[in-house]
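Welcome, and please open the structure in your viewer. We will go from stop to stop, selecting a few residues at a time.

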Amino acid sequence: MRNYLIYIVISCFLVSCKSNSQNNNENQIDRHIYVNDSIYIIKGICYHPVPKGSPNQRNFNNLVQDLKLMNEAGINTIRVYEPIDDIEILNQIDSARIKVIIGFGYDQGGKNDIVSGTFIDYVNKFKNHNAILMWELGNEYNYHPEWFEGDIKNWYKAMNDAAKLIQENDSKHPTTTAHGDLPDDLVLSMSPNIDVWGMNVYRWDNPTSIFNEWKVKSNKPMYLSEAGADSYMKISKDGYSQGVNQIAQANATSNILNAVFENQDICSGVTLFSFTDGWWKAGNNDIQDVGGSAPNSTGVPYDGSPNEEHWGIVDIDREKKQAYTVVKEIYLNTNNQ
């Protein structure tokens, strides 16, 4: 929706995807992500902590509090939209027993981005860090061919080439991307170097249909890189009243998460959107506005209207919403590492 380290003792953390099941039966496909040879289910959250009044300038001043809330809710993975280039922050995340999906943008002014090639410097700097789960390339760029000279194939080629370069430099961590909904045959044919397919999916409060669609298309692992609902109803609908409505968000979150974890044979989990409300998204950054935009806005429960400043499971002051309780109950009762 938006647009292993140096320790006193060095520890090894191996993430992999297996194309064939462990019994070596060629007719069985293993769609899972593995960490240290155990199946890893992502019980995650999208995390882009921007404080009040800030013009999309992320900071980690609340990291200790945030990690405590994440631990309490059973969150084991966070997805960030840009690299965390601070070893102390990664160390804190690792100490909280949480893994990170590191996102690289295409053009970020030459800092850890794909177009400049500097992303690979970050990969080589942090590829041995115990917190890293996967390397993610782009965030629903398939909705924006105008960013690539009007031809989205330019992005698919850049993404696939970047994934290949990562694989040549880091054999321990899978490559992934956050694709807007289900990848079509073109992107799959042009992107064989993507190991795990993340998908930003907003299909009301039930993403179940995408799992069977993916099963037909590919044998690779997949997860929902975004899914969820906001806590503001633009209109009254489906029995939910207009205005701030935490019940609507909580109910949608419950339905979405239950659908994900009922399909673990295909889906490797979810990074729910998002941890905290983002006051920078829709208007005056000093107040919480109504509005915002999203490419797939009609699929947002329960009013088909994305109010992006109301999407957190906690608010900007870290007060828990009802959706937080839902996440906690489901994540803590989902078997995983």
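Of the 72 residues in the largest nonpolar core, which touch the most other members? Select Ile78, Leu137, Trp155 and Leu224: these are the ones. Helix α4 supplies the largest share of this core, eight residues. Keep in mind as you look around that the model is predicted.

Now centre the view on Trp155. Setting aside neighbours within four places in sequence, Trp155 is in contact with Tyr106, Ile114, Leu137, Gly138, Tyr141 and Phe148. Then pick out Ile33, Ile101, Met134 and Tyr223, which are included in a second, separate core of 10 residues.

Next, show helix α3 (residues 119-126) together with helix α4 (residues 152-169). Their axes lie 10 Å apart and the helices pack at an angle of about 25°; angles under 35 degrees count as roughly parallel, so that is how α3 and α4 run. The crossing of α3 past α4 is right-handed. To see the contact, select Phe119, Ile120, Val123 and Asn124 on α3, then Ala162, Leu165, Ile166 and Asn169 on α4. Six of the contact residues are nonpolar and two polar, with no charged ones.

For the last stop, turn to helix α7 (residues 246-261) and helix α8 (residues 322-332). Here the angle is about 20° and the axes are 8 Å apart, so α7 and α8 are roughly parallel to each other. α7 also makes a right-handed crossing with α8. Among the contact residues are Ala250, Leu257 and Phe261 of α7 and Val326, Ile330 and Tyr331 of α8. By class, this contact has nine nonpolar, six polar and no charged residues.

Conventions: Residues numbered from 1 in each chain as written. Predicted model: local features only at pLDDT ≥ 70, side-chain atom pairs only at ≥ 80, totals over all residues. Heavy atoms only, no water. Axes fitted to C-alpha atoms, helices over the stretch in contact; angles between N-to-C directions. Helix = DSSP H or I, 4+ residues; strand = E, 2+ residues; numbered from the N terminus. Parallel < 35°, antiparallel > 145°, perpendicular 65-115°, else oblique. Left-handed = near helix turned anticlockwise from the far one by under 90°. Contact = heavy atoms within 4.5 Å. Nonpolar A, V, L, I, M, F, W, Y, C, P; charged D, E, K, R; others polar. Core = buried A, V, L, I, M, F, W, Y, C linked by side-chain atoms within 4.5 Å. Buried < 20%, exposed > 50% of the residue type's maximum accessible area, 1.4 Å probe, protein only.
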